[in-house]
Amino acid sequence: MSHKGEADRGPWHGRIDVHEGPRALRWHQCVTTLPPQAPPGIALLGFPCDLGVRRNHGRPGAAAGPAALRRALANLAWHGRQPLYDAGDVGGATRDTGETTLETMQAAYAERIMALLDAGHVPIGLGGGHEIAWAAWQGLAAQGARQRHPPRFGILNVDAHFDLRAAPEGNSGTPFRQIAEDCAARGWNFRYCVLGIAEAANTAALFDRACELGVAFRLDEEMGVGNLASIESTVFGFLAGIDWLYLTLCLDALPGGCAPGVSAPATIGVEPTVVEAVIRLTAASGKLRLADVAELNPSVDPDGRTARLAARLVWRLVREIARPSG
Ligand SMILES: N=CN[C@@H](CCC(=O)O)C(=O)O
Ligand SMILES: [Mn+2]
Ligand SMILES: [Mn+2]
């Protein structure tokens, strides 16, 4: 990683293929700390927070997700052409009291996302619990509202859960209900599509709420490799009705055997190849403005396989955004 000395590269270190020539690059050799006035690129932004997971009675530990993700990304092969920045992690301590709450973390993240979008970057959020989505939306919506004609927003969530819970306070299970309410308050349509819903992990009340809100979804059992053509048409249909896409990948959508390091591992789940296919489609649309990976919990990921899978999905995202056609 440039802009830093050998001793201060944090997680960004790995193998250097000194005998392979100039194209033998890995992420740790290409990522730079985000400088001021940087040309547009992809900006990684960490959300080291599990306060929403805790409030949702889940298994804590996702606050360590961004660090584990960076470590897993560092040694991956670099094929991109555009700049790749590390915009650091957000901290949520308030200036007056020094207190950090879920809401202060979300506000800090939203502010950074808005600034990154404003500078022309494509931010990729490294979670953190899925409370990252309410934070991301606030940044995206603020930026969209500043446009001459506010775009039609769409949220594509790859997740075993709707995360439309009703609760007096926000948590990791409420972000898309919060976004729906925000859209209603702004007079915007709520366009939300979820891929990978586990019927056994969402109550009938949540299916009712999804139905009332006009949410499009596919069950986990409709997300097999054999369903790819029909998955493509769901994604294309959704993309056709929007201008700006927010893609959020909840790692508990993936099979529990591949992604045990989350608060609520999936029993069946969506195969990684299918998630990659969804990423390809969304990146190729040219509508992707913002993405993130949520729920990585290193404390229940002893062999690091969930972090490696999460890194692979971030790698795929960056690889596809980098393609000239994308
Ligand atoms: N972001 C995760 N949301 C899920 C968690 C489920 C669980 O912990 O069992 C939800 O609230 O439904
Ligand atoms: Mn989930
Ligand atoms: Mn989720």
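Analyst: Let's start with H130, which sits in the loop between β4 and α5 (132-145); helices (H or I, at least four residues) and strands (E, at least two) are DSSP runs, numbered from the N terminus. Bear in mind that this is a predicted model, where local features need pLDDT of at least 70, side-chain atom pairs count only at pLDDT 80 or more, and totals for chains, interfaces and linings use all residues. Residues are numbered from 1 along each chain as its sequence is written, while chains are lettered from A and ligands numbered from 1 in the order in which they are written.

H130 has 32 other C-beta atoms within 10 Å, so it is buried (20 or more others within 10 Å is buried, 12 or fewer exposed, in between partly exposed, with C-beta atoms placed from the backbone). Skipping neighbours within four places in sequence, its contacts include D163, S172, C250 and E295; a contact means C-beta atoms, placed from the backbone, within 7 Å.

UniProt positions follow the numbering used here, feature names are shortened, and annotations may be inferred rather than shown by experiment.

Now for D163, in the loop between β5 (153-158) and α6 (175-186). D163 is buried too, with 29 C-beta neighbours inside 10 Å, and among its contacts beyond four places in sequence are H130, G173 and F176.

C250 belongs to strand β8 (residues 244-250). It counts as buried because it has 29 C-beta neighbours inside 10 Å. Again leaving out residues within four places in sequence, C250 is in contact with H130, D159 and H161, among others.

A further "binding site" annotation in the unreviewed UniProt entry covers D159, H161, C250 and D252. They span 94 residues in sequence, but no two of their C-alpha atoms are more than 8.7 Å apart, so this set gathers at one spot as well. D252 lies in the loop between β8 and α9 (272-284), and it touches S263, A264 and E295, among others, not counting residues up to four places away.

What about ligand 1? Around it are residues including H130, H161, D163, S263 and A264, where "around" means a C-beta atom, placed from the backbone, within 6 Å of the ligand.

How values were computed: Contact = placed C-beta atoms within 7 Å.
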